[in-house]
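These are my notebook entries on one structure, written as I looked things up.

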Amino acid sequence: MDQALTTTASGDLDNWEESVEEYSYGYRGRPPTDVLAGLAADIDGLRPMLDRPLPVPERTRLCRSAAQLAGMTAIVLHDLGDRTEAKRWFATAGKAAAESGDRSLHAWVLARHAMVPINFGAPQAAAELAEQARRIAGSHPTAAAALSAAVAARAYALTGRHEQAEGAIADAERFATRLSPRQRADTWFGYGEQKEHVHLSHALTTLGSTRRARESQTRALELSSPTSSMTRGLPRLDAATCWHRDGDTEQACRAATAALADLPPGWRTGLTRTRAVELYRMIPAQDHHEPAARELRDALSA
């Protein structure tokens, strides 16, 4: 009856926007499954509002919140290793972002979406999504534009397009230096320095630029909270890959095993495990019997 009697939804929209801001600060030490449960409950509450006739400004705000909540849901599903559901939620977030008319948000969704095929073995598809994100983001220095360039660099590196990867890295760094403090915020929607170095670490590791990659890994860890399990684990696994690329496979295996062991149990699946598996597959078969390689294999099997 309240819904039938009211002609606006401003109070509800304020609440959804407040929820979006709370989620945007990431996991903050919470297990990803707990964050996912909260997002699912909030989306379930927001969904009926999409069926209500609303004034255009309120519909725009609603679609923006829906896109952000759906996008963050997709991020958590991606981090948990559920790439199929992550892609579905990113597609939903993209529809809502497009309807909201917020080009920066739409670019952010596409760039985040591109990280699914990057991390699960389809870098060419990732490059296409990242290129689309870069076109939508445009040349204005925004967090979405910087993220789109950084993700494109990772995709190009994985497909062997080294010149394009270096160009995208340069674009990402150029955008990053021009971001406002709000755009630099350490949230899922911002492009903070720590996030910048996590992306650069992966791109440079893939390119084989191990010296530069190690600089980004060191800086990413310096900027990471002890409770930021994912953002600490990934640079450490990249560092392990750098050891292998530099010719010390034994140290690479030991570093990767230690990185996995330091992760809370809920974080030893999904993306972190995928990154460690990629390293193990780089190791020549004749070295799989070595003690350090066996330890890594056992850690992956646990």
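Before looking at any crossing I wrote down its rule: a crossing is left-handed if the near helix is turned anticlockwise from the far one by less than a right angle, and right-handed if clockwise. I also noted that this is a predicted model, in which local features need pLDDT of at least 70 and side-chain atom pairs count only at pLDDT 80 or more, while totals for chains, interfaces and linings use all residues. Residues are numbered from 1 along each chain as its sequence is written, and side-chain values use heavy atoms, with hydrogens and water left out.

**Entry 1: helices H11 and H12**

I took helices from DSSP runs (H or I, at least four residues; strands are E, at least two), numbered from the N terminus. I looked up H11 and H12 and found that they pack at an angle of about 155°, with their axes 9 Å apart; here axes are lines fitted to C-alpha atoms, for helices over the stretch in contact, and angles run from 0 to 180 degrees between N-to-C directions. That makes H11 roughly antiparallel to H12, since angles over 145 degrees count as roughly antiparallel, under 35 as roughly parallel, 65 to 115 as roughly perpendicular and the rest as oblique. The crossing of H11 and H12 is left-handed. By class, their contact (heavy atoms within 4.5 Å) has seven nonpolar, two polar and five charged residues. For these classes, Ala, Val, Leu, Ile, Met, Phe, Trp, Tyr, Cys and Pro count as nonpolar, Asp, Glu, Lys and Arg as charged, and the others, Gly among them, as polar.

**Entry 2: helices H10 and H11**

I then turned to H10 (residues 193-207) and H11 (residues 210-223), which pack at an angle of about 150° with their axes 8 Å apart. H10 and H11 are therefore roughly antiparallel to each other, and H10 passes H11 in a left-handed crossing. I sorted the contact of H10 with H11 by class and noted six nonpolar, six polar and three charged residues.

**Entry 3: aromatic rings**

How many aromatic pairs does the rule give? Rings of Phe, Tyr and Trp (its six-membered ring) pair if their centres lie within 6.5 Å, and planes under 30 degrees apart count as stacked, over 60 as edge-to-face and the rest as tilted; by this rule the count comes to two. The rings of Tyr 27 and Trp 188 have centres 5.3 Å apart and planes at 90°, so this pair is edge-to-face. Because Tyr 27 lies in the loop between H2 and H3 and Trp 188 in the loop between H9 and H10, the pair ties together parts that are 161 residues apart in sequence. Both Tyr 27 and Trp 188 are buried (under 20% relative accessible area, with exposed over 50% and partly exposed in between, for a 1.4 Å probe and protein chains only). The rings of Trp 108 and Phe 189 have centres 4.5 Å apart and planes at 50°, so that pair is tilted.

**Entry 4: single residues**

I checked Ser 229, which lies in H12 and is buried, with a relative accessible area of 15%. Ser 229 and Tyr 27 are 202 residues apart in sequence, and their C-alpha atoms are 8.9 Å apart in space. Lastly I looked at Arg 28 in the loop between H2 and H3, where phi is near 50°, a positive value in a residue other than glycine. Most residues other than glycine have a negative phi. Arg 28 is exposed, with a relative accessible area of 53%.
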